[in-house]
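Dear colleague,

I am passing on to you the structure we spoke about, so that you can look through it yourself before reading my notes. Please open it alongside this message.

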Amino acid sequence: MGADQLGIALTLPLARPQRSPHQVRERFVQFSRGIVAGLARLGVSAAFGGKNDIEARGKKVAGLGIYHDASGGLLFHASILVDLDIALMMGALKTSFEKISDKAIATVAQRVTTARREAGQPLTLARARAAMAEGYAEQCDATLTPSDFAPSERVGIAQLEREKYATLE
C-alpha cells in the first residue's frame, strides 16, 4: 500500500474472550482511542466510524481489525494511512487491470484520506509513529514498546513473502 502506511498491533490475553458484535465494537472503540488522540496531536480531527474504521471528515484514514485466538489472546491491528498510493494499493489487492482506471482511482480517493492530507502539512512516518505512541500513553495509560522481529520470524516472513506475495497469482 506504500511506504507511508503505519501499522499498529496490540496483543493481550483475555480471561473471557468477548466475541459478540456489541462487545467487538466496544473493543474497536476502546483500542481506537489512542489512534484518535495521536491523530489529534497531528492536527487531524478523527473518530471511530463505520464498521471498523477511523474517519476524518467522513473519509477513512485508518482501518481496524480484531482477531480472537482460541487460547484467549486478542490481536488488535490498525493500518493508518499517513499517505497512500492508490494505484499501488489496487495493484497489491490484485485488482484487475480493467478496474484500475482513472475513475476507479477517483472513487477510492473520494472515500479515503490520509493523515498527511488532513494535517495540511508535511508529515513523516516517524512523527506519526511518535504521535500514536503519545496518543496511547494519554488515552490508555499504556506505553507502546517498539520491537523488532526475531531471526526465526524474519525467516517465516521471507518465506511468506516469496510464496504468497511475490507471485503473480
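This is a predicted model: local features need pLDDT of at least 70, side-chain atom pairs count only at pLDDT 80 or more; totals for chains, interfaces and linings use all residues.

Residues are numbered from 1 along each chain as its sequence is written, and side-chain values use heavy atoms, with hydrogens and water left out.

I begin with the sheet. Five strands make up an open sheet in the order S1-S5-S4-S3-S2, with antiparallel pairing; strands here are DSSP runs of E with at least two residues, helices are runs of H or I with at least four, and both are numbered from the N terminus, while two strands pair if DSSP finds at least two bridges between them. Because S1 and strand S2 (47–49) stand at the edges with a single partner strand each, one side of each has no neighbour in the sheet. On average, and with direction ignored, neighbouring strands of this sheet are turned by 25° against each other; axes are lines fitted to C-alpha atoms, for helices over the stretch in contact, and angles run from 0 to 180 degrees between N-to-C directions.

Helix H1 packs on this sheet, where it touches S1, S2, S3, S4 and S5, and its direction makes about 135° with that of S4; contact means heavy atoms within 4.5 Å. Helix H5, for its part, lies across S1 and S5 and runs at about 30° to S1.

S2 and S3 run antiparallel and are joined by three bridges, with Ala 47 opposite Glu 55 in S3, and in their hairpin, which has three residues between the strands, Gly 50 takes a positive phi near 65°. Four bridges join S3 to S4, again antiparallel, and here Glu 55 stands opposite Lys 60 in S4, while Ala 56 stands opposite Lys 59. Two residues lie between S3 and S4 in their hairpin, and Arg 57 in the turn has a positive phi of about 55°. S4 and S5, which run antiparallel, are joined by seven bridges, and Gly 63 stands opposite Ser 79 in S5. The hairpin of S4 and S5 has four residues between the strands, and Gly 72 in this hairpin has a positive phi near 105°.

Not counting residues up to four places away in sequence, Ile 35 touches residues including Ile 8, Ile 54, Phe 76 and Met 132.

One loop residue also deserves a note. Ala 46 sits in the loop between H1 and S2, and it counts as buried at 15% relative accessibility. Leaving aside residues up to four places away in sequence, Ala 46 touches Val 36, Leu 39, Ile 54, Glu 55 and Ala 56. Its C-alpha atom is separated by 7.2 Å from that of Arg 57, eleven residues apart along the chain.

Lastly, a search of the whole structure finds two aromatic pairs, where rings of Phe, Tyr and Trp (its six-membered ring) pair if their centres lie within 6.5 Å, and planes under 30 degrees apart count as stacked, over 60 as edge-to-face and the rest as tilted. The rings of Phe 28 and Phe 48 have centres 6.1 Å apart and planes at 20°, so this pair is stacked, and it links helix H1 with strand S2 across 20 residues. The rings of Phe 31 and Phe 76 have centres 5.3 Å apart and planes at 40°, so this pair is tilted; it joins helix H1 to strand S5, 45 residues apart. Phe 31 is buried at 8% relative accessible area, and Phe 76 is buried at 0%.

Conventions. Buried means under 20% relative accessible area, exposed over 50%, partly exposed in between (1.4 Å probe, protein chains only).
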